[in-house]
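Here is a brief report on one protein model.

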Amino acid sequence: MTGQTKLSVKKWSPEDRPREKLLSKGIYSLSNAELLAIIIGSGNQNESAVDLAQRILQEANNNINQLGKFSVKHLISRFKGIGEAKAVSIVAALELGKRRQSEDIQSREKIRNSRDIYDFFHPILGDLPHEEFWALFVNRSHQIIDKLKISQGGVSGTLVDVKLIYKEAIARLASGIILCHNHPSGVAIPSKNDDHITAKIREGIKLLDMTLIDHLIVCDGDFYSYSDQGRIG
């Protein structure tokens, strides 16, 4: 006896199909699974696109942020019906969401506190399996001029060329520099090397009539601020 075949999305009533539901009721009427189903487009022999999307979300603990950490390889290997094209579409859509969040923060222009720095960099650094070191250049009013990735390393660290930071800050006529890097371990505690780099850059940019405003260590959901801890002045 053959098993029951899942009803194709095309055979659902129009009000229950994700695309039609979006058009008739608006984007906010859709669940996360329905939005993901639109990206996927189709399911497999045993699951509709929505069923498949629900299963993917379940593996991510129904957490979009956690889903953003899934790689193309992971999606293909774990879910029947997700090939390379669909996996790339999912990863690309989630990356766009991260970049939108980052640009929303940048559009505010002014950095007021460590939370603003975290909100700016978390979409960039929060999900990475390796360490990256970034610099944010600001004017005297702490308005953002530009951001720049200084280096990229492995799981446990990355080399930082302080001369490059000075050079790029001068080129942008920056008055202040904000440093930020991530700890893929999830532990937002500075290492001795983090302390050394912070002190070295802080002293070096004084000669350039610039200020080190903060150095943030970003993890997913947590951060450490040298400024908040009174270790910048």
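## Helix α1 against α2

In this predicted model, P18, R19, K21 and L22 of α1 meet E34, A37 and I38 of α2. Contact means heavy atoms within 4.5 Å. By class, this contact of α1 with α2 has four nonpolar, no polar and three charged residues. Ala, Val, Leu, Ile, Met, Phe, Trp, Tyr, Cys and Pro count as nonpolar; Asp, Glu, Lys and Arg count as charged; the others, Gly among them, are polar.

Helix α1 covers residues 18-25. Its axis and that of α2 come within 9 Å and cross at roughly 120°. Axes are lines fitted to C-alpha atoms, for helices over the stretch in contact, and angles run from 0 to 180 degrees between N-to-C directions.

## Helix α2 against α3

Helix α3 spans residues 49-59. The axes of α2 and α3 come within 8 Å, crossing at roughly 115°. The contact uses N32, A33, E34, L36, A37 and I40 from α2. From α3 come A49, V50, L52, A53, Q54, I56 and L57. By class, there are 10 nonpolar, two polar and one charged residues in this contact.

The crossing of α2 past α3 is right-handed. A crossing is right-handed if the near helix is turned clockwise from the far one by less than a right angle, and left-handed if anticlockwise.

## The largest pocket

The largest pocket has a volume of about 670 Å³. Of its 23 lining residues, I64, A93, L94, G97 and K98 are the closest to the centre. Elements giving two or more residues to the lining are α2 (32-40), α4 (64-67), α6 (84-108) and α7 (114-125). The largest share, eight residues, comes from α6. By class, the lining has 13 nonpolar, seven polar and three charged residues.

A pocket is an open set of points on a 1 Å grid over the protein atoms alone, where a 1.4 Å probe fits, with protein on both sides within 12 Å along at least five of seven lines; lining residues have an atom within 4 Å of a point. Grid points are joined across faces, edges and corners, and the volume is the space filled by probe spheres set on the points.

## Chain make-up

The protein chain has nine helices and five strands. From the N terminus on, the order is α-α-α-α-α-α-α-β-β-α-β-α-β-β. Helices (H or I, at least four residues) and strands (E, at least two) are DSSP runs, numbered from the N terminus.

Buried residues make up 41% of the 233 residues. Buried means under 20% relative accessible area, exposed over 50%, and partly exposed in between (1.4 Å probe, protein chains only). Among contacts between residues at least 6 apart in sequence, 56% join residues at least 24 apart.

## Single residues

Most residues other than glycine have a negative phi. H142 has a positive phi, near 65°. H142 sits in the loop between β1 (132-138) and β2 (144-152). Its relative accessibility is 30%, so H142 counts as partly exposed. L173 also has a positive phi, near 55°. Its loop lies between α8 (162-171) and β3 (176-182). L173 is exposed, because its relative accessible area is 70%.

A199 is in helix α9 (residues 192-206). At 27% relative accessibility, A199 is partly exposed.

## Basis

Residues are numbered from 1 along each chain as its sequence is written, and side-chain values use heavy atoms, without hydrogens and water. The model is predicted: local features need pLDDT of at least 70, side-chain atom pairs count only at pLDDT 80 or more, and totals for chains, interfaces and linings use all residues.
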